[in-house]
Structures are given as structure tokens and as C-alpha cells.
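This report goes through a few loop residues and their surroundings. Please view the sequence and the model alongside the text.

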Amino acid sequence: RSLAYVKINFTPVQNIDVSLFCNLTQLQTIDLKYNKIYSVTASQFSGCTSSLLELLLANNRLKRIIPSVFAPFRRLEVIDLSHNMLESFVGRFQNTEISQLLISNNLLPQIDPCEWVLMPNMTSLFIEKNKLIGVPDCLHKFPNLYSINLENNLLSSVSLAAFAQLKVLQYLRLSWNPIVSLATVPLTLKNLPKLSVLKLSQSPIEQIAFESFCNLSALTSLNLKNNLIASLTFQASSATSQCYASLARVSLSSNKLKHVNMTVFAAMRALEIIDLEYNQIEVVAGRLSNPKITTVILSNNNLFTINMCEWNTMPLIKSFSLAVNSLSQIPQCLGRMRRVQFLNFNHNKLTRITIDSFVMLTELRSLHFTSNAIQTVVPASGVNRIPSSLRDVFLTNNLLTRESVANWLRKLDTLDLMYNKIHTLASTLQCLQQHNLVTLNLRNNQLRILNLELLPLIGLFEQVDLSHNKIELLVGRFSSDHLQTLIVSHNRLKVIDFCQWDAMPTLAKMSFEANELTRVPNCIHHLPNLSYVGFGSNKFTQVDMERFGELDNLTTLDFSANRISLITFREEKYPVRLSKLILSNN
């Protein structure tokens with residue numbers, strides 16, 4: 001009688017008589033998930049004294065349930081019948097303490113709460129992934145319902161009036177239904193005053209009249225992703241003047257929009273995020289006037305141009321994305337977004353960047369221009385006009401051929417120039433000063449000769465990647481108190497001499513894989529804190545380990561895929577911490 005928890009999973013049990021548990025007064029949970037139960041019965045219930053709170057019957061083979069079978073368990077709060085094959089859930093449901101009912105992932109064509117008793121404690125109703133063709137009637141039997149999930153059913157028409165008496169409802173999920181249109185919601189009907197999240201995605205909705213949601217005064221998120229919406233309208237009137245007091249996010253990605261007039265969002269004064277990604281938008285018209293906007297997403301559309309000069313100033317904007325469009329020029333009037341921090345122009349058709357376009361963006365931190373056709377970057381016309389906040393610029397996969405990077409990127413942390421056609425690095429004498437760059441990525445370019453004396457002039461680098469170029473020669477005296485990682489793999493180096501390099505106490509990782517080196521570089525002891533050295537895929541035939549004897553922190557040394565036939569070493573000159581010596585494929 002002291003039993004509190006029963007768990008019987010993954011057995012061939014086919015029938016369960018719940019009256020067996022009736023007089024276990026301390027029992028609170030029965031877990032019968034993952035069996036082969038197709039029948040739930042109750043042979044006798046005289047004087048049932050059960051304190052059962054949870055009955056879990058998910059992942060069985062139930063086809064029919066008469067809910068009165070649960071009636072003697074008066075304290076029951078949670079019933080989980082999900083992932084069965086239920087086709088019928090008919091009869092009087094008398095458990096007034098129920099708070100969660102899970103009947104998702106079944107085959108129910110309908111449920112009828114009109115036969116059920118009032119359930120004032122019901123907060124969550126999960127009916128997703130069934131075959132419902134209509135919203136259940138009599139939802140007023142659950143006056144305190146907080147969340148209802150009707151996703152993945154066969155609903156073709158939905159009126160929000162069906163939920164009108166659910167005064168505390170906050171989460172309504174209707175996605176993945178064949179909803180053709182939303183029934184008109186009377187503007188005078190104060191439906192769902194506490195609804196905060198409405199999700200209507202993955203349905204064949206073709207048009208949205210935003211005034212239909214106007215009475216949802218607590219709505220914070222409206223999710224209309226993955227529909228067939230081709231039209232957005234808002235019919236302003238005196239009744240709609242105070243619309244959307246709390247709406248912070250509108251998600252319209254993956255629809256069929258071609259033309260968007262930004263004035264349809266004007267009534268949404270609390271709006272922070274507009275997501276219009278993955279549409280077919282060719283034209284963005286009208287004035288964007290929402291004062292609290294922080295994020296605008298227009299990526300993956302068909303925009304050739306966008307006019308922001310009609311937009312209001314956006315004092316709180318942080319992120320603006322126009323990636324994967326067909327823009328050939330940077331939009332004018334970016335100054336409307338003085339506080340923007342993130343700008344994304346990846347995968348467009350830009351051929352030229354003028355830094356003056358960004359000088360008014362005083363909090364800009366990250367600029368993305370990957371995969372355009374950029375050949376020219378025009379420096380700012382004035383002194384120190386580059387935003388002092390700018391830290392990262394990504395110019396991967398463009399057509400840049402020669403960059404005097406120090407001229408115009410003095411404040412950056414990261415400069416990504418991968419996959420261009422850069423063959424020369426240069427720095428003018430006017431720019432002989434320390435800069436803030438910590439990461440330089442020049443992999444997959446056309447560099448052949450690199451003067452290492454330039455690097456300290458460009459930045460206080462911690463990471464430099466020069467891999468996948470055509471480098472044949474590294475020249476100049478190299479000095480750095482900051483460099484941690486140097487990658488020069490996949491080039492054409494035949495020899496390296498570290499004797500011209502100053503001691504670098506911070507350099508920990510160095511990779512020269514896939515070059516044409518035949519011997520260990522001289523003066524490698526100038527790099528005393530190396531922990532990883534990579535010389536794989538070169539042309540070494542022998543290695544003298546004494547060369548590495550002064551590298552007290554060296555733990556990994558890679559000489560794989562060379563032609564090594566001889567290794568010599570003396571115990572007293574062997575690296576003391578070396579734990580991995582890789583000599584495979586020699």
C-alpha cells in the first residue's frame with residue numbers, strides 16, 4: 001500500500017485493468033508507455049481510494065477509449081494517450097482535476113468536450129497530429145486553458161471566435177493545417193485577451209489582413225511562416241488605432257510575397273522583429289515607421305534595389321540582413337540605422353564598396369560581404385571616418401586583387417578575405433601604427449611572396465591563416481608579442497628560416513603542411529612556446545629531433561606523409577613534453 005510509482009515499459013502487455021490500482025492509496029504515477037496495450041478496462045471500482053496523479057499510456061496500440069474509465073481516479077491531473085492509434089475518444093469525461101491532456105499523434109477525426117464536465121484546472125491540451133477537420137466545440141469547459149496545440153490536423157477553416165471564451169489562453173498553435181483562409185474576426189470582439197503566441201505556419205493561407213488580429217491585445221509573437229501568403233493588408237479605422245499594444249515579433253518567412261508595403265506594420269508600435277526571409281520579394285515600398293525595431297530580415301529574396309530614404313530613423317536597430325538577393329549597390333540612407341551593429345550583404349551582386357556608406361553607423365560591429373563580385377573597396381574620404389566600433393569585416397569569395405588593408409580598417413578585430421584573387425599585401429607609410437586586428441584570414445588567394453614585416457603594421461594578430469595560396473617565399477623580419485596561431489599550409493615553400501624572426505613567446509601552433517620543405521627550419525628555438533608543429537605532406541627524408549630540443553612545451557609534432565627514412569635523436573636533447581610524434585605514411 002506504500003507503493004508510489006509503477007513503471008512497466010517495453011513488455012507484451014495487451015490489456016490493462018486500471019481497477020487493479022484503485023486501492024493503492026499512495027500511488028501517484030503509473031507509467032505504461034511503450035507496450036502493446038490495445039484495451040483499457042475497469043472491472044470494478046467500489047470504494048476506490050486512489051491518489052493517482054499521472055497515468056501515462058503513450059506509445060501503445062489503443063484504438064478506442066471511453067474516458068469514463070478514468071472517473072474513479074478523482075485526483076488525476078495528467079493523462080498521456082499520445083502516440084497510439086486512437087480513432088475514438090467518446091463519452092463523459094468526469095475528472096475535474098485534469099490539468100494536462102495529451103492525445104497527440106493519433107487518428108482522431110473529432111473530439112467533443114460538450115460531453116465532458118467542467119475542467120477548471122485544465123491548462124494544456126495537446127491534440128496535434130490527428131485528423132480533426134474542425135476546432136472542437138465547447139472549449140469553454142476549460143476556462144483556464146493556457147495552451148492548445150492543434151497543429152498537423154485537417155483544419156481547413158478557423159475562426160478565432162471559437163477560442164473567444166478562453167480568457168487566459170496564451171499559446172495557440174495551428175500550423176501544418178490546410179487552412180485556406182482565416183474567418184473574419186469582428187473588430188469589436190475582444191477575443192483571447194491573454195493570447196501571447198499565435199502560430200499559423202505550414203498551411204495554405206494565401207492572404208493576411210492584419211486587422212483580423214487587432215483585438216489580441218496581449219499578442220507578442222505572430223508566426224505565419226511556411227504558408228502561401230502572397231498579400232499583406234491592413235485596413236486602418238478608428239477601431240484599429242490602438243492595435244497590437246504588445247506585438248514584438250512578426251514572422252512571415254517562407255511565403256509567396258513579391259511586393260511588401262512596410263506601412264502595413266505601422267500600427268504595431270511595439271514591433272521589434274520583422275522576418276521576411278525566403279519569399280520572392282522584388283519590391284519593398286512604403287515607410288517603415290516602427291520606433292522599437294531591432295531586427296529586419298529580408299534575406300533570400302529577389303531584391304535588386306531597396307529605398308530606405310523614406311523610412312523613419314530606427315533608433316534601436318541592431319541587425320539588418322539583405323543576404324542572398326540581387327543587390328548591385330549598397331542601399332542609400334543607411335544612416336537611418338545609426339545604431340545598427342550587424343549588416344549582412346552576403347551573396348548579392350555588389351562590385352564596389354564605398355566605406356563612406358557606413359560612416360554614420362556609429363555602433364557598427366560586423367559587416368558581411370561574402371560571395372559577391374567585389375573588385376574595389378573605396379576608403380573613407382575623411383580622416384578617421386570609419387566607425388570606431390567596427391570589428392569584423394568578411395569579404396570571402398569576391399574578386400579583390402590587391403588590398404591595402406591598413407588604410408581603411410584600423411579598428412577591426414577580424415578581417416576575412418578568403419577566396420579572393422589577392423596577390424599582394426601593401427601598407428602605406430602613413431599607416432605605420434598599431435591596429436586592433438587579431439584575426440587575418442587570407443586563405444585561398446594568389447599570394448606568392450609575402451613580406452612578414454607588414455603584418456605587425458596591419459594588426460596585433462593572434463591568428464593568421466595564409467593557407468591555400470601559392471607562397472614561394474616568406475621574407476622580412478617577423479616580430480610579434482601576440483601571435484598564437486600561424487597557418488601557412490598548402491603553399492609552395494621550399495625553405496623557411498626562422499633566424500630572421502624575433503622571439504615569439506606567444507606562438508603556440510604553427511602549420512606548414514603540404515609545402516615542399518626538405519629540412520627543419522633553422523632557429524626554430526626562437527619560438528619557445530610552440531605546442532603543435534605541423535610539417536606533414538612535405539619532402540623530408542630525414543629528421544634530427546635535436547632541432548626541437550629547446551621547445552619545452554611541444555606536445556605534438558606531425559611529420560606524416562613525407563619520405564622520411566631516418567630519425568636521429570639524443571635523449572638529453574629530446575623535447576621533454578612531446579607526447580605525440582606522427583610519422584604515418586613515410
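Asn9 is found in the loop between strand 1 (5–7) and strand 2 (15–17). The model is a predicted one. With a relative accessibility of 18%, Asn9 counts as buried, because buried means under 20% relative accessible area. Leaving aside residues up to four places away in sequence, Asn9 touches Asp31, Leu32, Lys33, Tyr34 and Asn35. The side chain of Asn9 makes a polar contact of 3.1 Å with the side chain of Asp31. A polar atom of the Asn9 side chain also lies 2.9 Å from the backbone oxygen of Lys33.

Two further loop residues are Leu216 and Thr506. Leu216 sits between strand 16 (207–209) and strand 17 (221–223), and Thr506 between strand 37 (485–487) and strand 38 (509–511). The accessibility values are listed below.

| Residue | Relative accessible area | Class |
|---|---|---|
| Asn9 | 18% | buried |
| Leu216 | 3% | buried |
| Thr506 | 29% | partly exposed |

Thr506 is classed as partly exposed at 29%, since that class covers the range between the buried cut-off of under 20% and the exposed cut-off of over 50%.

Which residues does Thr506 touch, not counting those up to four places away in sequence? They are Asp481, His482, Leu483 and Gln484. Of these contacts, Asp481 is 25 residues from Thr506 in sequence and 6.3 Å from Thr506 in space, C-alpha to C-alpha.

Key
Residues are numbered from 1 along each chain as its sequence is written. This is a predicted model: local features need pLDDT of at least 70, side-chain atom pairs count only at pLDDT 80 or more; totals for chains, interfaces and linings use all residues. Side-chain values use heavy atoms; hydrogens and water are left out. Helices (H or I, at least four residues) and strands (E, at least two) are DSSP runs, numbered from the N terminus. Buried means under 20% relative accessible area, exposed over 50%, partly exposed in between (1.4 Å probe, protein chains only). A polar contact is a pair of N or O atoms within 3.5 Å; within protein, one must be able to donate a hydrogen and the other to accept it, and residues adjacent in sequence count only if both atoms are side-chain atoms. Contact means heavy atoms within 4.5 Å.
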